[in-house]
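Work through the exercises below with the sequence and the model side by side. Try each task before reading its solution.

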Amino acid sequence: MENIIKDIDILPAEEAQACEFKTTEEENTGKQKKLYIESYGCQMNFSDSEIVASIMKKNGFDTTSNFEQADVIFLNTCSIREKAELTVRKRLTQFNTIKKARPDLTIGVLGCMAERLKDKLLEEEKLVDVVVGPDAYRDLPNLVKVAEEGDKGVNTFLSREETYADISPVRLNTNGVSAFISIMRGCDNMCSFCVVPFTRGRERSRDPHSIVKEAQELFDKGYKEVTLLGQNVDSYKWSPEENNKARLNKQEEDVSEVINFANLLEMVAKVAPQLRVRFSTSHPKDITDEVLYTMKKYDNICKYIHLPVQSGNSRILDLMNRTYDREWYLERVAKIREILGQECGISSDMIAGFCSETEEEHQETLSLMDIVKYDFSYMFFYSERPGTLAAKKYEDDIPLETKKRRLQEIIAKQTQHSLERNKLDLGQTQEVLVEGTSKRSEEQLKGRNSANKVVIFPKGNHKKGDYVRVKIVDCTAATLFGEVLS
Ligand code: SAH
Ligand code: SF4
Ligand code: F3S
């Protein structure tokens, strides 16, 4: 679920992390006040910022891309690693100067850091006026009002039901071609290293009708690709009871059967053959053959699976509480290859230097990589997070230099595999959905193939949003280069 920078050469994970945030864009519809949001972390967070913008828009705010013109600044934050939090802290000190010059400015911290630190954040960061967790965004207009009246506003209530299903997100930073749709919130997995279950609360699935409706609306507006988002999409489940409990639109039909992720995927794929469907993240313990067969059945479901392994060693996987072992994982990958073939893109997340990891165990991560040959990976060294199971139970005993060295070995291997995998595409004809012009040249277009790889090719008569048949003629570890066939 990490945010993705793919059309630049692979950066060391740390650097890629540090430079990533997204901001709102300029929108002038004559509203009284201006809102600026800066979003950090995963796609889920970016998707949430769109919900936040939608809520604020209804309450008198236009968005701006310039924080100096804003009446309200929100930082939608991430807690996944220490570095993510330090980046936000640093950013807050930068906002200090503007706040001093303009005391009427409201500064809010949203998202996972808000949830983790709650009102402690108000004590630690004096300039912050509101602290709002991921399930309390409907309360934002009210809390901003409280702040405008000179008080501080905090709401970090975590809900068992909130899915913001009825809120139509204001699309931010969009290329007009692809959009995210959140299909669930929270996570019940309790991986020992992970802060998400604490910051995002219990897992809950969103009403499938509202998901299909959102996909249809996006398609009607000209979007060509949707990515269904959840921390563990394979555990998506919508049952008749839930439907009756939380049904938003009473006119809608009752759901008589349980809808699982494979069913949902099929429902979204049927919206239109011209609408590509992607999803993230798949959990190795939950991904079913039914999902793989559904992917195979529909041409518009992209052949790409983000299947984070974290470690290639079964003892470490057990300590991580991932609830699968090396063999189980490799069996799932073999099944993907059997059903969807070599063309299916597979990517992973990797953590180097988890508590007590030996050199041999680290080698097993490298050897697993040699077997799977990922197209790409998001790679990190272990960062202890307060309050997690690992922080309570295990000692963070691998020296930083060792963690960094192991990470470098993982990155080096991944770069080699990315190039190897990309070379397999040479000479192939692939369908590419154009997302815009390449950063390098206005004369080149940039898009993605089904396996989620970036393809660059000469513009010709094509434009954003077109499906183009491209022959792959060259590649680097990060990018494919092609020639247009049609
Ligand atoms: N739900 C997804 C992961 C979301 S977090 C899944 O289960 O795969 C994204 C990635 O951040 C994780 O896959 C993991 O590789 C990394 N990560 C999470 N906690 C971390 C920590 N404490 N230190 C280092 N990396 C971490
Ligand atoms: Fe974190 Fe595990 Fe949930 Fe992913 S599945 S969000 S790593 S607890
Ligand atoms: Fe996402 Fe970071 Fe929260 S990865 S769920 S924003 S901790």
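**Exercise 1.** Which residues surround ligand 3?

Solution. This is a predicted model. Start with the cysteines: Cys 42, Cys 78 and Cys 112 are part of the shell. Next come Asn 45, Thr 77, Ser 79 and Ile 80. Val 196, Arg 200 and Gln 231 complete the list. Now sort the shell by class: five residues are nonpolar, four are polar and one is charged.

**Exercise 2.** Where does UniProt place the feature "binding site"?

Solution. The unreviewed UniProt entry gives Cys 187, Cys 191 and Cys 194. Of these residues, Cys 187, Cys 191 and Cys 194 are included in the lining of the largest cavity.

**Exercise 3.** Is Cys 187 buried or exposed? Decide likewise for Cys 194.

Solution. Buried means under 20% relative accessible area. Cys 187 has 11%, so Cys 187 is buried. Cys 194 has 13%, so Cys 194 is buried. Now locate them. Cys 187 lies in the loop between strand 9 (184-185) and helix 7 (196-200). Cys 194 also lies in the loop between strand 9 and helix 7. Then check contacts, leaving aside neighbours within four places in sequence. Cys 187 touches Val 196, Pro 197, Gly 201, Arg 202, Glu 203 and Gln 231. Cys 194 is in contact with Ile 80 and Thr 388.

**Exercise 4.** Which residues does a cis peptide bond join? What is the phi of Tyr 164, and of Lys 373?

Solution. Most residues other than glycine have a negative phi, and most peptide bonds are trans. The cis bond joins Ser 280 and Thr 281, with omega about 10°. Thr 281 sits in the loop between strand 14 (276-280) and helix 11 (289-297). Tyr 164 has a positive phi of about 50°. Tyr 164 is in the loop between strand 7 (153-155) and strand 8 (178-182). At 1% relative accessibility, Tyr 164 is buried. Lys 373 has a positive phi near 55°. Its loop runs between helix 14 (359-372) and strand 17 (376-381). With a relative accessible area of 28%, Lys 373 is partly exposed.

Technical notes:
Residues are numbered from 1 along each chain as its sequence is written. Chains are lettered from A and ligands numbered from 1 in the order in which they are written. This is a predicted model: local features need pLDDT of at least 70, side-chain atom pairs count only at pLDDT 80 or more; totals for chains, interfaces and linings use all residues. Side-chain values use heavy atoms; hydrogens and water are left out. UniProt positions are given in the numbering used here, feature names are shortened, and annotations may be inferred rather than shown by experiment. On a 1 Å grid over the protein atoms alone, a cavity is a set of points where a 1.4 Å probe fits but cannot get out, and a pocket is an open set with protein on both sides within 12 Å along at least five of seven lines; lining residues have an atom within 4 Å of a point. Helices (H or I, at least four residues) and strands (E, at least two) are DSSP runs, numbered from the N terminus. Buried means under 20% relative accessible area, exposed over 50%, partly exposed in between (1.4 Å probe, protein chains only). Contact means heavy atoms within 4.5 Å. A residue is near a molecule or strand if one of its heavy atoms lies within 4 Å of it. Ala, Val, Leu, Ile, Met, Phe, Trp, Tyr, Cys and Pro count as nonpolar, Asp, Glu, Lys and Arg as charged, and the others, Gly among them, as polar.
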